[in-house]
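Biologist: I'd like to learn how to read side-chain features in a model. Could you walk me through a few cases?

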Amino acid sequence: MKNLRKIGSLLLVACFLFTGCGSKSGKNIEGNLSDIMNKVYAGVDEEMPEFQQTELTDDNIEYFLGTKDIDYKEGLASEPLINAMAHSVVLVRMNEGADIEEAKEKIKSSVNPRKWVCVEVDSKDVIVDSKGDMIILIMVNDYSKDFQKSFQTIE
């Protein structure tokens, strides 16, 4: 019985070591956020209108994510130059040791897919995902899964 417990404990430790303590986060995406954002868009086959990139600050983060209560290092939002389209893609690089899963939950429960005056994103098209130390918020009608797939394939 004791040997069985030891084996079980060793297997559990090995599982945590190889999976990043149960996180599905994976390898960090290297590079500056603007280049990463451009790669996310390049991986989506749909033609998109012109967008502007806005650096996240303590003053605007709540507008883009619905919360400012996350431990982030830097962030970048991409939204259309003309706001007649409900579309927002936000990259957030988290600080080392930050609880990424908790931050994702805060964003998902706080973000407003109806923040624009005359347009909105369907709730099924609001995706909060992560890879390594980066979180992506995607609010794009009909193409959210395409953006998510593009983000997950970036190395």
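Modeller: Keep in mind that this is a predicted model. Let's begin with a salt bridge: Glu101 pairs with Lys104, and their closest N and O atoms are 3.3 Å apart.

Biologist: Why are Glu101 and Lys104 separated by about one helical turn?

Modeller: Because they are three residues apart in helix H4.

Biologist: Are Glu101 and Lys104 buried or partly exposed?

Modeller: One of each. Buried means under 20% relative accessible area. Lys104 has 8%, so it counts as buried. Glu101, at 37%, counts as partly exposed.

Biologist: How many salt bridges does a search of the whole structure find?

Modeller: Eight salt bridges. Among them is the one between Lys106 and Asp69, with the closest N and O atoms 2.9 Å apart.

Biologist: Which parts does that pair tie together?

Modeller: Lys106 lies in helix H4 (residues 100-110), while Asp69 sits in the loop between helix H3 (61-65) and strand S2 (72-80), so the bridge ties together parts that are 37 residues apart in sequence. Lys106 itself is partly exposed, with a relative accessible area of 23%. There's also a network here: salt bridges link Asp69, Glu102 and Lys106.

Biologist: Which residue forms a salt bridge with Glu79?

Modeller: Lys115 does, and the closest N and O atoms are 2.8 Å apart. This pair links distant parts of the chain: Glu79 belongs to strand S2, and Lys115 to the loop between H4 and strand S4 (126-131), 36 residues apart. Glu79 is buried at 7% relative accessible area, and Lys115 counts as buried at 16%.

Biologist: Over the face of which ring does Lys115 lie?

Modeller: The ring of Tyr63, at 4.0 Å from the ring centre.

Biologist: Let's turn to rings. What describes a pair of aromatic rings?

Modeller: The distance of the centres and the angle of the planes. The structure holds three aromatic pairs. Take Tyr41 and Phe147: their ring centres are 5.1 Å apart and their planes are at 85°, so this pair is edge-to-face. The cut-off behind that word is an angle over 60 degrees.

Biologist: Where in the chain are Tyr41 and Phe147?

Modeller: Tyr41 is in helix H2 (residues 33-42) and Phe147 in helix H5, 106 residues apart, so the pair links distant parts of the chain. Phe147 is buried, with a relative accessible area of 0%, and Tyr41 counts as buried at 16%. Ring pairs also link Tyr41, Phe51 and Phe147 into a cluster.

Biologist: What about the rings of Tyr63 and Phe64?

Modeller: They form an edge-to-face pair too, 5.0 Å centre to centre with 80° between the planes. Tyr63 is partly exposed, with a relative accessible area of 40%, whereas Phe64 counts as buried at 6%.

Biologist: One last feature: contacts. Which residues is Ser144 in contact with, leaving aside its neighbours within four places in sequence?

Modeller: Asp125, Val126, Ile127, Ile138 and Met139. Ser144 has its place in helix H5 (residues 144-153).

Biologist: And is Ser144 buried or exposed?

Modeller: It counts as buried, because its relative accessibility is 1%.

Notes. Residues numbered from 1 in each chain as written. Predicted model: local features only at pLDDT ≥ 70, side-chain atom pairs only at ≥ 80, totals over all residues. Heavy atoms only, no water. Helix = DSSP H or I, 4+ residues; strand = E, 2+ residues; numbered from the N terminus. Buried < 20%, exposed > 50% of the residue type's maximum accessible area, 1.4 Å probe, protein only. Contact = heavy atoms within 4.5 Å. Phe/Tyr/Trp six-rings, centres within 6.5 Å; stacked < 30°, edge-to-face > 60°. Lys NZ or Arg CZ within 6 Å of the ring centre and 35° of its normal. Salt bridge = Lys/Arg side-chain N within 4 Å of Asp/Glu carboxyl O.
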